[in-house]
Structure formats: structure tokens, C-alpha cells
Amino acid sequence: MESPGAAGGTKQPVDAIGVEARLHAEGRRVRRAMLDELPDGEPHDWLYRLARTYPTRPGKALRPSLCLAACGAFGGARDALGVAVSIELLHNAFLIHDDIVDGSEQRRGRPTLPSEHGIGLALNAGDALAVIANRVLRGHLRGLPDELGDRIAGEFEVMALRTLEGQATELGWRRSPEHSVNVEAYLELIMRKTCWYTTIHPLRVGALLGSDGHADAEPMNRFGFHLGAAFQIRDDLLNLTGEPARYGKEINGDLFEGKRTLMLIHLTQHAVGPDRRTVRRYLSLERSERHPDLVAEIRAMMDHYGSIDMAQQTAEGIAGQAVESFGAAFEAATPGPDTDFVAGLVPYMLGRAL
């Protein structure tokens, strides 16, 4: 797949190495800025050392990179680093809380905070990161005109609420194994839980900061949804098919959790006979009751019923829609390295291995 041309112009060849290099460079810059914002005093061993754990581990840096690129593409009128840092700090807080809820054992190739330090200290560290994210955002907004500052603050609040709504919906589905979930409901879930804070919000606030509040942020919703949905489906596929050394998280962890991924939804809709009964029994169990043999059986069924292939095809189709919606989202942007980077993320999402 080729990336869409900047602002709807001629198509540019995809440079996955260039996309990866920019993600790494922005990631290093944002990690340094995050650590500068985190206190390092007392209680060091029980709070601030733990709060610094995930920010020191290299991640994808997709969210801050999108925010910074959108800012540059729309003129770079205002510095977006503080907002990008606040987004990534909140992301790290969400990761800790997710690891508690999911009972995850690995995060970015190392033990999770709850598995290493217990739920109580991990939860407190996640709360601290969320508070500091808001403090960083508030400090950045002081330097903006009142109207623009209020707009960015409102965008941040909407993003956080949409994410929490999506998380609550997913947890509700796990508590109600008989609840029927279709593809449309899944896409609505990831619109809230993933897309809003992973792609839509960073793109919107980046464009607003770059244009000094003049950009129309609404077209970012459609592009951001398609980009974020392709990202999430690929992430779910990697949880089943990725290389453990590169993926950095527990392979098949989503199956142990009973997470309603696109693949599991497809399987529940297509399994027949004894397989259908096995799937229903699997959904009724708690994580601790889902033994490796059962998880392996469910995973094998996904291959048998074509659930993996269906999800990959869906991700490719959604990525195609991202290509189509890119032009409208960046119509008023200045073509250049920033727009090329965002455009290059579309095919990069489908080909990434971690």
C-alpha cells in the first residue's frame, strides 16, 4: 500500500524505516521531557520510582508523535511538546491501570508494575501519573490565549472520558459472557477506548496548536478513527501471532483475559457444534480458570474458522479508508515531512511487528 499524498497531492512512496526513525526520535525526546516532569523525592521507593518505571521503557510514542506532527503540519504556531507530554503521561497511567485490570505479567518486555510491586502500589503510581499529566497540561495552557487554552483543556477532558467509557464497556462485556457483541459494537468500543486518545485527540490538539486555533479539527475524527482502528486490530493480531521477544507483552494474553477482540467476536459467531459449546464455556470462565490448554484450543479454532484472516482483511480495509480520509483531514496543512510522516503511518500500522 502507498501512503496518501500530503493534503491530497501526489502519492509518496512509503518509507517504513523513516517512520520508525521519527517515532524513535520523538519517543526519546518525549521520554526525557516526561522524566523531567516527574518528582524524584520522597516517598521515592514507594511512589516516584514506580511512577518513573513505564516512562523509562521505550514504547511506540505514537500519540505524542502524532500531536507534534499535526502541529508542525498546520504551521507550528504554538509549541506542542507540553501537550504531547501530558498525553503520553496519561497513556502511561492508563497502561498501569490496564495491567492491574487484566492481570498482565509483561509490559514492554519487562514485568508489569502490579506483578512486581503489587496492586496497591501500582494503582497509586498510575494515579500519580494521571495527576502529573494534568499538572503538565495546566502549566502548558497558561502560555496560551484564554480561548485556545480553554479549547485544549476541553479536548483533553473529552478524550479522557471517552477512553474511560470504552474501558467500562469492555469490562462490562467480560462480566456478561452471554452478551452478544458484533463487529459494529466492537468498532464503537475501540473508537472510544483506543482511537480517541491514541489518534483523534493528538491529531486534533496538534492541529489546533499549530494553527493557533484556526484549523477545523472535525475532519481529524474520521481519519483518526480509521488510523486508530487499524492500529488496534493490528495490535490484537500481534497478541496472537507476534514474536514474544519483539512484542514485549504476553502472547495470547488477550485470550487469557477473554478480551472481545475482532477475532474472538468472529469465532463466537461462526463456531458450530462442540466448538461453539467450548467457546461458550471459555467465555464463562475467569482469567485464572482459563488454562493454557483451553486457550490453545481457542487459538487453534481461530485459525480453523478464518478469524485471523478476517481480522487482517478488516484492518487492511480500514487502512484503505484512512488513506481516503487523509486528504480531507490535512487539506489545509502544509505538505512536507510532517504530513509525509502521518501519511506513512497508515501502511506502517499494518506492517509493524511490535
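## Aromatic pairs

The structure holds 5 aromatic pairs, where rings of Phe, Tyr and Trp (its six-membered ring) pair if their centres lie within 6.5 Å, with planes under 30 degrees apart counted as stacked, over 60 as edge-to-face and the rest as tilted. This is a predicted model, in which local features need pLDDT of at least 70, side-chain atom pairs count only at pLDDT 80 or more, and totals for chains, interfaces and linings use all residues. Residues are numbered from 1 along each chain as its sequence is written, and side-chain values use heavy atoms, with hydrogens and water left out.

## Phe74 and Phe330

Phenylalanine 74 and phenylalanine 330 make a tilted pair, 5.7 Å centre to centre with 40 degrees between the planes. Phenylalanine 74 is in the loop between helix 3 (62-73) and helix 4 (81-102), and phenylalanine 330 is in the loop between helix 15 (307-329) and helix 16 (337-351), so the pair ties together parts 256 residues apart in sequence. Helices are DSSP runs (H or I, at least four residues), numbered from the N terminus.

Both phenylalanine 74 and phenylalanine 330 are buried, meaning under 20% relative accessible area (1.4 Å probe, protein chains only). Phe74, Phe223, Phe326 and Phe330 form one aromatic cluster.

Phenylalanine 94 and tyrosine 197 pair edge-to-face, at 5.2 Å centre to centre and 90 degrees between the planes. Phenylalanine 94 is in helix 4 and tyrosine 197 in helix 8 (residues 183-210), 103 residues apart. Phenylalanine 94 is buried at 12% relative accessible area, and tyrosine 197 is buried at 7%.

Arginine 63 lies over the face of tyrosine 197, 4.7 Å from the ring centre; the criterion is NZ of Lys or CZ of Arg within 6 Å of the ring centre and within 35 degrees of the ring normal. Arginine 22 lies over the face of phenylalanine 341, at 4.7 Å from the ring centre.

Key:
Helix = DSSP H or I, 4+ residues; strand = E, 2+ residues; numbered from the N terminus. Buried < 20%, exposed > 50% of the residue type's maximum accessible area, 1.4 Å probe, protein only.
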